[in-house]
Amino acid sequence: MGVAESNEHHGRVAVITGGSGAIGTATIERLRNTGVVVHVLDIQPSKVPGVYFHRVDVRSEPEVDAAFDAIGKSAGRIDYLVCCAGIYRPVPFLDLLLEQWQETLQVNLTGYFLCCRAALRFMRPQKFGRIVLFSSMVARTGGAHVAHYAASKGGILGLARSLAVESAAENIRVNTVSPVITDTPMPRAVLSDEEMESRKARIPLGRIGTVDDMAEACMFLLSDDSSYVLGHDLRVNGGSTLW
Amino acid sequence: MVASDSRVTVVTGGGSGIGRATAIRLARRGDAVCVCDLSEAGLSETAALIQSEGGAVLTGIVDVRDHAQVRAWIAEILARFGRINCLFSNAGVNARSIVADMALAQWSLLIDTHVTGTFNFCQAVLRGMVEQRAGSIVITSSDFAIVGVPNAANYCAAKTALYSLTKSLALEFASYGIRVNAIGPGPIDTPLLRAGRTPEEYSNARAAFETRLPIKRLGRPEEVAAVVDFLLGERASFITGQLLQPNGGQVMW
């Protein structure tokens, strides 16, 4: 645990989208253990005890707005927003249906937009906010069969930088985390064990990322340790992409 | 003597600014901090600040450009502590000029201090880190590794070289469990930001930064120290070859 992480987080209110996924769950545990009041927005209930769960489809403007309004009103404030709701469904480009393209863009990108906008309505007047958006290394590298996913993750970088510029003077910091392949059910659903091994071989530090690696990066960007860092894309990838 | 589980950390350019703030922060977290600088006065002040809090510090007046001096000082540290866990290679200078008027000495001073100085330190500490199969290095690069600015071609070239060096070292030593990252600070309120500027020029430059930067203020050395602390430690154990920019939003890349 970092020197400055001691207890700046205690009593803060966090909203995390996709909080029931693997990276989300690891992040929620870290937040909860530092005394943060955590609200999870997801379509699947969170398995972490002691957090508030809101069943929300992040593509739905009324559902997102209603959830943030309810949280903001009951908690009195929203300090942190972490977005990691996402879908990853590789399809060869010529087989990619418009509906699949739109579904990925809507969940991965429009969902972030809606949640950022809803959170900022509370952060702006309170002159405090920390936002961490999970993008992906694929935003930079692209990849076979993931044009829709890469486009959505690239869009997140542009969204984050623009929001960072627009909000910095109001003491709201916006940053992104770009993981490389992480050992979670999401890649394992589409990759064989051999494929996971071959991905690992391409990572200079010699291992696949863990959910804890990603949660640490997120905690750093939420904390005062990163008080002069904004619009930054923190690449947690074991050295596999150096740009 | 330091506790066997304490890290031994080398900080270059620790006599002022970012280097000093980082040395102080790392000493607070329990590192035995070995600080060098060319300024004896600056070093003494850094050492006094660390000792006043009960921290462990060793100082050395070292010209980072001098390969033999660097080797000798690293040998002294190894003799004293038996290991080096972390290096923060941060020593830097500035000498502004347009390229047309730049003396070779102005060019060489920056390249030798930043680039060769960092090479000297990295090579000296990496031998032991390879044997330990562990270690972490942070190199002070700059936003100017990504974007250029006028009147500072020597500084921009040096800082870009440092970013390249970072990436090469990261790949070369990843299999030994050694991580190498760079920081790209934006405008930080340090003596270096004032160097070569009259008080009026400094005040104008500061006002320009405050207007232009999204965050509307200069950074503090302590804010950079927090980022170095993060990258050096276990929280960043899966991060290598990266440029982390505490820059108030100056360059988003």
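Analyst: Let's start at one pair of strands. In chain B, strand β6 (residues 178-183) is joined to β7(B) by two bridges, and the two run parallel. Strands, and helices too, are DSSP runs numbered from the N terminus, with at least two residues (E) for a strand and at least four (H or I) for a helix. Two strands count as paired if DSSP finds at least two bridges between them. One bridge can be named: B:A182 has B:L243 as its partner in β7(B).

Before going on, a word on the source: this is a predicted model, in which local features need pLDDT of at least 70, side-chain atom pairs count only at pLDDT 80 or more, and totals for chains, interfaces and linings use all residues. Residues are numbered from 1 along each chain as its sequence is written, while chains are lettered from A and ligands numbered from 1 in the order in which they are written.

Now step back to the whole sheet. Seven strands of chain B make an open sheet with parallel pairing, in the order β3-β2-β1-β4-β5-β6-β7. At its edges stand β3 (56-61) and β7 (243-244) of chain B; each has a single partner strand, so one side of each is left without a neighbour in the sheet. In general, strands of a sheet pair through backbone hydrogen bonds, either parallel or antiparallel.

Residues are in contact if their C-beta atoms, placed from the backbone, lie within 7 Å.

Elsewhere in chain B, B:V125 touches B:V10, B:I74, B:I84 and B:L87, leaving aside residues up to four places away in sequence. B:V125 is also among the residues that touch the most other members of the largest nonpolar core, which has 148 residues. Such a core is a set of buried Ala, Val, Leu, Ile, Met, Phe, Trp, Tyr and Cys residues joined through C-beta atoms within 7 Å, where buried means 20 or more other C-beta atoms within 10 Å of a residue's own. Helix α3 (residues 98-126) of chain A gives the most to this core, with ten residues.

Finally, chain B meets its neighbour: the contact takes 31 residues from chain B and 29 residues from chain A. On the chain A side, α5 (147-167), α8 (211-222) and β7 (233-236) each supply at least two residues.

Key
Two residues are in contact if their C-beta atoms, placed from the backbone, lie within 7 Å. A residue is buried if 20 or more other C-beta atoms lie within 10 Å of its own, exposed if 12 or fewer, and partly exposed in between; C-beta atoms are placed from the backbone.
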